[in-house]
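This report goes through a predicted model.

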Amino acid sequence: MIHATLEKKGNVTYVCPKISGMDQISYEIIDMEKLYEAIHKGIPLALDGVCAEGFSMKEYRKKYGVSEDDKVEIKIDFITNSIFCGKDGIAADFSNCQFAAVDMESGIMLDDNIFYYGRVDFSYSFIGDLDFSMKGCRFIDCNVYFAYTVFGNKDIYFNETVFDDEKCEVVFSGTDFGEEGEVSLDYMKGINGSIEFYKCSF
């Protein structure tokens, strides 16, 4: 369980979660409305050391009147060293998105993030021919879904990810992994629940 305190530094509010086995680190609380606005304007996300609470494509669609059937394009430079805290059962909802990378060599970089208490969902999203990395991420009380996600002919990295909930599940259902890339799960720790590959395409 994460216990957190808030502190102000100038005009910026920080959250300081105390995580078992880790030092207390301050994360700048990001305004979700501004984050959704950046996505809507096509501004690449470059986030490091922030706290996002209840990041949800459902909320984004509601705000901007986007149909559930239409993919939302998300441009990513990097999202690293941040914490996604659950709200209404959602820690991070990237479902039905079209991902685009600023740096085609780096691809989609989501390294060293913490996802806490809720669903982490990339279902029905399109990654395409981009490397996708969640190296060093930590999942606490989360289930992770990649149902019908489409990856291309690049590499997928889950190296050194840590799962702190023994009931956590990682589900790849109907997932298209492309034909040439590699899926790396090296040094993954704590997954006492299950990793499910169901009707996937490699």
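Is Lys-41 buried or exposed? Lys-41 counts as exposed, at 56% relative accessibility; buried means under 20% relative accessible area, exposed over 50%, and partly exposed in between (1.4 Å probe, protein chains only).

The model is predicted, so local features need pLDDT of at least 70 and side-chain atom pairs count only at pLDDT 80 or more, while totals for chains, interfaces and linings use all residues. Residues are numbered from 1 along each chain as its sequence is written, and side-chain values use heavy atoms, with hydrogens and water left out.

**Salt bridges**

A salt bridge is a side-chain nitrogen of Lys or Arg within 4 Å of a carboxyl oxygen of Asp or Glu. The whole structure holds five salt bridges, including those tabulated here.

| Pair | N to O distance |
|---|---|
| Lys-41 and Glu-37 | 2.9 Å |
| Arg-119 and Asp-121 | 2.9 Å |
| Arg-138 and Asp-164 | 2.5 Å |

Glu-37, the partner of Lys-41, is partly exposed with a relative accessible area of 34%. Arg-119 is partly exposed at 32%, whereas its partner Asp-121 is buried at 8% relative accessibility.

Arg-138 and Asp-164 form a salt bridge with 2.5 Å between the closest N and O atoms. Arg-138 belongs to strand 15 (residues 138–145) and Asp-164 to the loop between strand 18 (162–163) and strand 19 (169–173), so the pair ties together parts that are 26 residues apart in sequence. Arg-138 is buried, with a relative accessible area of 14%; Asp-164 is partly exposed at 36%.

**Helix 1 and the cores**

Helices (H or I, at least four residues) and strands (E, at least two) are DSSP runs, numbered from the N terminus. Helix 1 (residues 32–40) contains Lys-34, which is exposed at 59% relative accessibility.

A nonpolar core is a set of buried Ala, Val, Leu, Ile, Met, Phe, Trp, Tyr and Cys residues joined through side-chain atoms within 4.5 Å. The largest one has 47 residues, and those with the most contacts inside it are Phe-55, Ile-74, Phe-132 and Met-134. Helix 1 supplies the largest share of this core, five residues. A second, separate core of nine residues includes Ile-19, Ile-83, Cys-85 and Tyr-116.

With contact taken as heavy atoms within 4.5 Å, and residues up to four places away in sequence not counted, Ile-74 touches residues including Ile-39, Leu-45, Phe-55, Met-57 and Phe-94.

**Cysteines**

A disulfide is a pair of cysteine sulfur atoms within 2.5 Å, and the count by this rule is zero. For Cys-85, the closest cysteine sulfur is that of Cys-51, at 4.0 Å, which is too far for a bond. Cys-85 is buried at 18% relative accessibility. For Cys-142, the closest cysteine sulfur is that of Cys-168, at 6.6 Å, again too far for a bond. Cys-142 is buried, with a relative accessible area of 2%.

Two strands pair if DSSP finds at least two bridges between them. An open sheet of four strands runs in the order 11-14-17-20, with parallel pairing. Strand 11 (108–109) and strand 20 (183–184) stand at the edges with a single partner strand each, so one side of each has no neighbour in the sheet. Strand 17 (residues 156–157) pairs with strand 20 in the parallel sense over two bridges. The bridge partner of Tyr-157 in strand 20 is Ser-184.
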